[in-house]
Amino acid sequence: MTVVVVGSLNQDLVVGLQRMPDPGETVFGDRLERFAGGKGLNQAVAAARAGARVAMIGAVGSDDAGSWLRELVVGEGIDGSGVRSVAGPTGTAIIEVDHSGMNRIVVVAGANAEVDADHVQQALARLDEVAVVLVQHEVPGDAVRAAMRFGRARGAITILNPAPARDIGDLDPADVDLLVPNEHEAADLAGLPTQDLQQAQGAAERLRGAGFRTVVITRGASGVIWSGPEGTGSMPAFEVTAVDTVAAGDAFCGGLATSLAAGLPLPDALRRASAGGALAASASGAVPSLPDRAAIDSLVG
Ligand code: ADP
């Protein structure tokens, strides 16, 4: 059974510098590194490492970053036949980090902005045994809606991770089996604060009231809550020493998709997803921090 991830692929260019330049000023950086990123790619890698058969649908540019990301996809054992090459640049994040650790980030969507409903529909139609379709908010709304609509029409479990937060627009909540925001995104979507457990449950209920079947809200080191037709619940996070929580949510979503594709009931799937999130939080970087199945097994115990 296949997990299909519809989403972004980015190169992250990290520039280290002593201090941020003033407008019009030139400063020298002392470090330049390139990392693979984009929530789509991170979640596809997370699912593949967690043990799923994964296919990715997205787009890269006709530049060297595009070929580099394609190789990375294949190297992780992911079917990249749904990743189109389009004219223009690959999605790029330019991340400036000064000596105090403060950062400034500019994201150019590039090829990610070219993913559209036709492409998603055609690429999905070519895949067999689609168990889960997972999408985030780093591709156009048209592509998000198509992923959910056509995923559900194929009988797959559809998961929307609405990150980064943005207006869901005319998405039909009935096409979404699981909505998986973090607490900030949940607050944004529900128009309610989610500072504590009770408020998070309130936000989940409000989102269910808007028509989403099951809502799972991730709360970092405070764990996860959920609400769905079978009831509501909460689960604490695994206790780990957090090093860098970048991609914790991506490890969670990729792990959740993997466990649901394998037929696990929601509470068990959430436990494995939480283990993935905790492991990603306890290692630095995005893709390098994503755990494999053995690491998840051993934390879940
Ligand atoms: P995002 O990265 O999208 O903001 P969260 O920070 O809520 O998402 O993290 C997703 C999940 O990863 C959490 O629900 C939790 O299970 C796990 N996680 C994140 N941070 C930690 C942490 N410091 N300790 C343990 N688990 C964590």
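Tutor: Start with one term: a residue is called buried when its relative accessible area is under 20%. Keep in mind too that this is a predicted model.

Student: Ok. Which residues of α1 are buried?
Tutor: They are Gly40, Leu41, Asn42, Gln43, Ala44, Val45, Ala46, Ala47 and Ala48. Helix α1 covers residues 39–49, and nine of its eleven residues are buried, so the helix is largely enclosed by the rest of the structure.

Student: What follows α1?
Tutor: Gly51 does, and its phi is positive, near 115 degrees.

Student: Let me zoom out. How many helices and strands does the chain have?
Tutor: The protein chain has nine helices and 13 strands. Its radius of gyration is 19 Å, close to the 19 Å that the globule rule gives for 301 residues, so the chain is as compact as a globular protein of that length. The C-alpha trace spans about 55 × 40 × 40 Å along its principal axes.

Student: What share of the residues is buried?
Tutor: Of the 301 residues, 53% count as buried. The accessible surface of the chain is about 13,000 Å², and 52% of that belongs to carbon and sulfur atoms.

Student: And the contacts, how many join residues at least 24 apart?
Tutor: That is 65% of the contacts between residues at least 6 apart in sequence.

Student: What about charges, how many positive and negative side chains?
Tutor: There are 22 positive and 36 negative side chains in the protein chain. The centres of the two sets lie 4 Å apart.

Student: Switching to single residues. Where is Thr258?
Tutor: Thr258 sits in helix α7, residues 248–261. With a relative accessible area of 9%, Thr258 is buried.

Student: What does its side chain reach?
Tutor: The side chain of Thr258 reaches the backbone oxygen of Gly254 at 2.8 Å.

Student: Now Asp244. Where is that?
Tutor: Asp244 is in the loop between β13 (231–235) and α7. A polar atom of the Asp244 side chain lies 2.8 Å from the backbone nitrogen of Val246. A polar atom of that side chain also lies 2.8 Å from the backbone nitrogen of Gly285.

Student: What else does Asp244 touch?
Tutor: Leaving out residues up to four places away in sequence, Asp244 touches Ala280, Ala281, Ala283, Ser284 and Gly285.

Student: And how far is Asp244 from Thr26?
Tutor: They are 30 Å apart in space, C-alpha to C-alpha, and 218 residues apart in sequence.

Student: I also clicked on Ala247. What is its phi?
Tutor: About 75 degrees, a positive phi although Ala247 is not a glycine. Ala247 lies in the loop between β13 and α7, and it is buried, with a relative accessible area of 9%.

Student: What about Glu129, what is its phi?
Tutor: Near 45 degrees, again positive in a residue other than glycine. Glu129 is in the loop between α3 (117–125) and β8 (130–136). At 45% relative accessibility, Glu129 counts as partly exposed.

Student: Ile225 next. Buried or exposed?
Tutor: Ile225 is buried, with a relative accessible area of 0%. Its place is in strand β12, residues 224–228. Beyond its neighbours within four places in sequence, its contacts include Leu197, Ala200, Val215, Ile217 and Arg219.

Student: An arginine on that list. Is Arg219 buried or exposed?
Tutor: Arg219 counts as buried, at 7% relative accessibility. Arg219 is in the loop between β11 (214–218) and β12, and its contacts include Glu183, Asp196 and Ile225.

Student: Last one. Which residues does the cis peptide bond at Pro164 join?
Tutor: Ala163 and Pro164, with omega about -5 degrees. Pro164 lies in the loop between β9 (157–161) and β10 (178–179).

Technical notes
Residues are numbered from 1 along each chain as its sequence is written. This is a predicted model: local features need pLDDT of at least 70, side-chain atom pairs count only at pLDDT 80 or more; totals for chains, interfaces and linings use all residues. Side-chain values use heavy atoms; hydrogens and water are left out. Helices (H or I, at least four residues) and strands (E, at least two) are DSSP runs, numbered from the N terminus. The radius of gyration is taken over C-alpha atoms; the globule rule is 2.2 Å times the number of residues to the power 0.38. Buried means under 20% relative accessible area, exposed over 50%, partly exposed in between (1.4 Å probe, protein chains only). Contact means heavy atoms within 4.5 Å. Accessible areas come from the Shrake-Rupley method with a 1.4 Å probe; for residues, only the protein chains shown count as cover. Lys and Arg count as positive and Asp and Glu as negative; His and the chain ends are not counted. The place of a charge is taken as NZ of Lys, CZ of Arg, CG of Asp or CD of Glu. A polar contact is a pair of N or O atoms within 3.5 Å; within protein, one must be able to donate a hydrogen and the other to accept it, and residues adjacent in sequence count only if both atoms are side-chain atoms.
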